Amino acid sequence: MRAGWLATATLAFAMRALAQAEPVLEMDYSNPGLTPAHWVLTLSPDGSGHFRSERGDAPVDPSQGMQAANVDRDIQVSKGFAQRAFAAVHQHQFFASGCESHLKVAFQGWKKISYKGVDGQGSCSFNYSKEKDIQNLSDSLVAVAAAIVEGARLESLLQHDRLGLDRETEFLIEAAGDGRVQQVCTIKGILQRLAEDPEVMERVRKRAKLLLARGEG
């Protein structure tokens with residue numbers, strides 16, 4: 001009896017230690033002029049992660065339609081995307097040489113990318129990175145965040161303004177096509193709901209099905 005208890009406790013301790021040792025990549029973004037003004041995206045190597053956003057105090061722009069509420073949820077990107085993100089961090093040795101370019105470029109929002117794992121840890125903050133791979137990683141993570149926020153907006157529209165789904169899904173198709181939005185797999189749930197809902201416009205259902213069919217690696 002006692003031996004069984006000890007074995008169970010040992011296994012639980014080992015599982016907790018393994019979970020704590022799992023590498024984590026995090027991006028903390030802030031721009032008070034945007035909505036949301038602040039968000040944090042964390043990823044694990046298998047593509048699982050979490051996203052949390054805060055609206056901020058930027059004035060409401062009626063031309064932008066319904067705004068998404070604050071988001072706080074688990075997410076899943078493709079394993080291929082996660083592997084490329086972690087590879088970029090390892091390639092630059094956990095940001096040992098810094099990131100900020102100090103170039104006179106337009107303010108794009110402050111980004112802090114952090115890595116923590118058993119093999120090392122580090123972080124860097126920047127507006128625009130001097131390292132092309134890190135800037136590309138930053139742009140991709142911003143595009144993932146855009147997809148998640150867009151998904152939250154679709155959820156609000158489905159509940160409160162179904163006619164607004166027409167313009168929003170048209171935008172989403174365009175943004176996914178040119179890279180402003182990436183990893184639409186993070187919003188698979190709301191896209192499936194739209195694709196299967198007979199009470200929304202047929203073209204909305206078609207766009208949702210198209211986005212679901214694209215898939216992302």
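These legends walk through an overview and several close-up views of one predicted protein model. Residues are numbered from 1 along each chain as its sequence is written, and side-chain values use heavy atoms, with hydrogens and water left out. Because the model is predicted, local features need pLDDT of at least 70 and side-chain atom pairs count only at pLDDT 80 or more, while totals for chains, interfaces and linings use all residues.

Overview. The protein has six helices and six strands; helices (H or I, at least four residues) and strands (E, at least two) are DSSP runs, numbered from the N terminus. Read from the N terminus, the order is α-β-β-β-β-α-β-β-α-α-α-α. Of the 217 residues, 41% are buried (buried means under 20% relative accessible area, exposed over 50%, partly exposed in between, with a 1.4 Å probe and protein chains only).

**View 1. Glu22, in a loop.** Glu22 belongs to the loop between α1 (2–21) and β1 (24–30). With a relative accessible area of 34%, Glu22 is partly exposed. Gly117 is 95 residues away from Glu22 in sequence, yet their C-alpha atoms are 6.3 Å apart. Leaving aside neighbours within four places in sequence, Glu22 is in contact with Ser44, Pro45 and Lys116 (contact means heavy atoms within 4.5 Å).

**View 2. Ile75, in strand β4.** Look for Ile75 in β4 (residues 72–76). Ile75 counts as buried, at 6% relative accessibility. Not counting residues up to four places away in sequence, Ile75 touches Leu41, Leu43, Gly47, Ser48, Gly49, His50, Phe51 and Ile148.

**View 3. Helix α2 meets helix α3.** The axes of α2 (residues 79–91) and α3 come within 10 Å and cross at roughly 150°; axes are lines fitted to C-alpha atoms, for helices over the stretch in contact, and angles run from 0 to 180 degrees between N-to-C directions. Phe81, Ala85, Ala88, Val89 and Gln91 of α2 make the contact with Asp133, Ile134, Leu137, Ser140, Leu141 and Val144 of α3. Sorted by class, this contact of α2 with α3 has eight nonpolar, two polar and one charged residues (Ala, Val, Leu, Ile, Met, Phe, Trp, Tyr, Cys and Pro count as nonpolar, Asp, Glu, Lys and Arg as charged, and the others, Gly among them, as polar).

**View 4. Helix α3 meets helix α4.** Here α3 (residues 132–160) and α4 (residues 164–178) have axes that come within 9 Å and cross at roughly 165°. The two helices are therefore roughly antiparallel (angles under 35 degrees count as roughly parallel, over 145 as roughly antiparallel, 65 to 115 as roughly perpendicular and the rest as oblique). On the α3 side, the contact includes Glu150, Arg153 and Leu154, and on the α4 side it includes Gly164, Leu165 and Phe171. The contact of α3 with α4 has six nonpolar, two polar and three charged residues.

**View 5. Helix α5 meets helix α6.** Helices α5 (residues 188–196) and α6 (residues 202–214) pack at an angle of about 140°, with their axes 8 Å apart. They are therefore oblique to each other. Among the residues making the contact are Leu191 and Leu194 of α5 and Val204 and Leu211 of α6.
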